[in-house]
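Here are some notes to read alongside the structure. Have a look at it first, then go through the points in order.

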Amino acid sequence: MIFKRLADEIDAILTRDPAARSRVEVVLCYPGLHAVVLHWLANAAWGRGWKLLGRLISHVARGLTGIEIHPAADIGRRLFVDHGMGVVIGETSKIGDDVTLYQGVVLGGISLDEGKRHPTLGNNVVCGSGAKILGPITIADGARIGSNAVVLKDVPAGATMVGVPARQVVRATKKERSEFCAYGQDPDLPDPVARAIDAMCGDIATMRARIAELEDLVAGLRAQRGVPAVDEGEPSIIAGPQL
Ligand SMILES: CC(C)(COP(=O)(O)OP(=O)(O)OC[C@H]1O[C@@H](n2cnc3c(N)ncnc32)[C@H](O)[C@@H]1OP(=O)(O)O)[C@@H](O)C(=O)NCCC(=O)NCCS
């Protein structure tokens with residue numbers, strides 16, 4: 001059981017980090033894995049009422065990995081903390097399955113209440129480096145938090161949040177994200193350059209239609225006033241390449 005869980009953790013890291021080359025490398029060189037395994041011990045001690053031992057294991061893990069996970073934090077399967085340094089996961093945090101956190105992510109509290117005061121992260125959430133998620137808020141499944149964002153409110157499923165305070169840049173999709181996007185990048189997002197070119201083509205078509213109307217109007221006025229028509233050989237501005 002524990003070995004299966006460990007193997008899943010290692011495979012998750014191999015899948016999500018293009019820099020990881022082998023299981024041996026992951027076992028020896030990934031502080032995210034060391035922190036998660038030590039958290040299992042700390043959490044087990046905490047659950048048995050050995051709270052000081054739990055805190056002590058957590059403290060040692062922090063010294064070894066730079067990742068501070070409170071022993072009471074509820075962490076799902078296949079958490080991947082990449083690089084690790086400066087990550088803080090508070091006491092009442094809850095993290096779903098297949099979550100990825102980069103360095104400097106903080107799941108922190110903003111009150112001294114003794115109850116729930118840290119965030120809840122759903123499944124497949126990705127938090128970019130330096131993101132701060134503060135308070136007893138919920139980040140729903142598949143959401144992506146940009147690097148250095150400060151999130152203070154609930155985030156809907158599949159949303160991308162950036163900035164301080166964080167704002168949503170991509171509407172939540174009904175379809176939940178199931179595949180991991182390395183570094184939060186989504187290959188299915190529309191290409192912004194293609195969108196800009198599409199918009200320009202639309203504008204050019206509108207302008208051509210308007211110019212054609214004006215040319216007709218001018219030709220009518222010339223005819224009324226007996227002014228000779230524009231040279232037939234002169235190319236019209238609307239006769240450019242079709243876009
Ligand atoms: C948030 C993130 C997931 C968005 O990626 P994306 O979906 O490809 O979005 P885009 O790059 O198209 O950016 C969308 C908009 O958000 C802005 N944006 C993206 N990331 C941002 C960030 N971290 N902070 C502020 N604004 C950001 C972009 O400038 C763009 O703004 P615009 O629409 O006004 O031009 C990604 O930028 C990110 O921060 N990933 C984390 C990566 C990381 O931490 N890597 C560390 C590895 S060690």
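1. Start with helix 1 (residues 2-16) and helix 3 (residues 31-47): they pack at about 155 degrees, their axes 11 Å apart. That angle makes helix 1 roughly antiparallel to helix 3, a label used for angles over 145 degrees. Axes here are lines fitted to C-alpha atoms, for helices over the stretch in contact, and angles run from 0 to 180 degrees between N-to-C directions. Helices (H or I, at least four residues) and strands (E, at least two) are DSSP runs, numbered from the N terminus.

2. A word on the source: this is a predicted model, where local features need pLDDT of at least 70 and side-chain atom pairs count only at pLDDT 80 or more, while totals for chains, interfaces and linings use all residues. Residues are numbered from 1 along each chain as its sequence is written, and side-chain values use heavy atoms, with hydrogens and water left out.

3. Who meets whom between helix 1 and helix 3? From helix 1 come Ile2, Arg5, Leu6, Glu9, Ile10 and Ile13, and they meet Leu33, Val36, Val37 and Trp40 of helix 3; contact means heavy atoms within 4.5 Å. By class, that is 8 nonpolar, no polar and 2 charged residues.

4. Helix 3 also packs with helix 4 (residues 51-65), at about 170 degrees and with axes 7 Å apart. This pair, too, is therefore roughly antiparallel. On the helix 3 side the contact includes Leu38, Leu41 and Trp46, and on the helix 4 side Leu53, Ile57 and Leu64 are among the residues involved. The tally by class is 11 nonpolar, 4 polar and 2 charged residues.

5. Now the largest nonpolar core, with 30 residues: Ile89, Leu101, Ile139 and Ile145 touch the most other members. A nonpolar core is a set of buried Ala, Val, Leu, Ile, Met, Phe, Trp, Tyr and Cys residues joined through side-chain atoms within 4.5 Å, and buried means under 20% relative accessible area (exposed is over 50%, partly exposed in between; 1.4 Å probe, protein chains only). Helix 3, strand 1 (67-69) and strand 4 (87-89) each give two or more residues to this core, and helix 3 gives the most, with 3. Apart from this core lies another, of 7 residues, among them Ile10, Ile13, Ala20 and Tyr30.

6. Finally, find Leu14 in helix 1. Is Leu14 buried or partly exposed? At 26% relative accessibility, Leu14 counts as partly exposed. Leaving out residues up to four places away in sequence, Leu14 touches Ala20, Arg21, Ser22, Arg23 and Val26.

Definitions and conventions
Angles under 35 degrees count as roughly parallel, over 145 as roughly antiparallel, 65 to 115 as roughly perpendicular and the rest as oblique. Ala, Val, Leu, Ile, Met, Phe, Trp, Tyr, Cys and Pro count as nonpolar, Asp, Glu, Lys and Arg as charged, and the others, Gly among them, as polar.
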